[in-house]
Amino acid sequence: MHYILLIGTIFTSDQYIKRRMDADLTRKGQWQKAGGKIIFKKYCNKGAAGNFLKDKPRFLLLLHSLSLSAVFASLLYALPKKRLQTTKLGLSFFAGGGLSNLYERLANGYVTDYISFGFGPKWFQKTVFNAADFFVFAGALLCVAQSFEKKE
């Protein structure tokens, strides 16, 4: 049950942050923190990461929906298992972030991204993220980490 609550918390928190960032960045433009290493700017992303499939919104929506369905199915499979705590946590992160981005894509036709970084390779500096993206990445890493845990 607490994994379902975690999904809801991630979804709700991300939607709140996106609304705040949307309003703040619309009024103030962009701003930088940490000497320009963290940059807040509004970006309405019609594609996936790196604008992948931005010219095929219906296909992207289908792909996003199917991927998220697979995540939820995996979580439903893992929930009754005594082990797999790391996987369940990872899938919950993945589901909460993915659901938030899917909801916004359905409601607005795009996902609001608002944070980028002023370091690393150029492609990384050009990429704009949101909190849901970080939960999706963290969830994927946790799921991979579970595969390296020793079996008892």
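Author: Let's begin with a term: a helix axis here is a line fitted to C-alpha atoms over the stretch in contact, and angles run from 0 to 180 degrees between N-to-C directions. Keep in mind that this is a predicted model.

Reader: Gladly. At roughly what angle do the axes of helix 1 and helix 5 cross?

Author: Helix 1 covers residues 2-28 and helix 5 covers residues 131-148; their axes cross at roughly 145°. The two axes come within 9 Å.

Reader: Which residues of helix 1 and helix 5 meet?

Author: Contact means heavy atoms within 4.5 Å. From helix 1, Ile10, Asp14, Ile17 and Lys18 take part, and they meet Ala131, Ala132 and Phe135 of helix 5. Sorted by class, this contact has five nonpolar residues, two charged ones and no polar ones.

Reader: Now the whole chain, please. In what order do the elements run from the N terminus on?

Author: The order is α-β-β-α-α-β-α-α, with five helices and three strands in the chain.

Reader: How much of the contacts comes from residues 24 or more positions apart?

Author: Taking contacts with a separation of 6 or more, residues 24 or more positions apart account for 63%.

Reader: And what radius of gyration would a compact globule have with 152 residues?

Author: Such a globule would have one near 15 Å, and the chain, at 16 Å, agrees with that. The C-alpha trace spans about 50 × 35 × 25 Å along its principal axes.

Reader: What share of the residues is buried?

Author: Of the 152 residues, 36% count as buried. The chain exposes about 9,400 Å², and carbon and sulfur atoms supply 66% of that area.

Terms used:
Residues numbered from 1 in each chain as written. Predicted model: local features only at pLDDT ≥ 70, side-chain atom pairs only at ≥ 80, totals over all residues. Heavy atoms only, no water. Helix = DSSP H or I, 4+ residues; strand = E, 2+ residues; numbered from the N terminus. Nonpolar A, V, L, I, M, F, W, Y, C, P; charged D, E, K, R; others polar. Rg over C-alpha atoms; globule rule 2.2 N^0.38 Å. Buried < 20%, exposed > 50% of the residue type's maximum accessible area, 1.4 Å probe, protein only. Areas by Shrake-Rupley, 256 points an atom, 1.4 Å probe, with all protein chains shown as cover.
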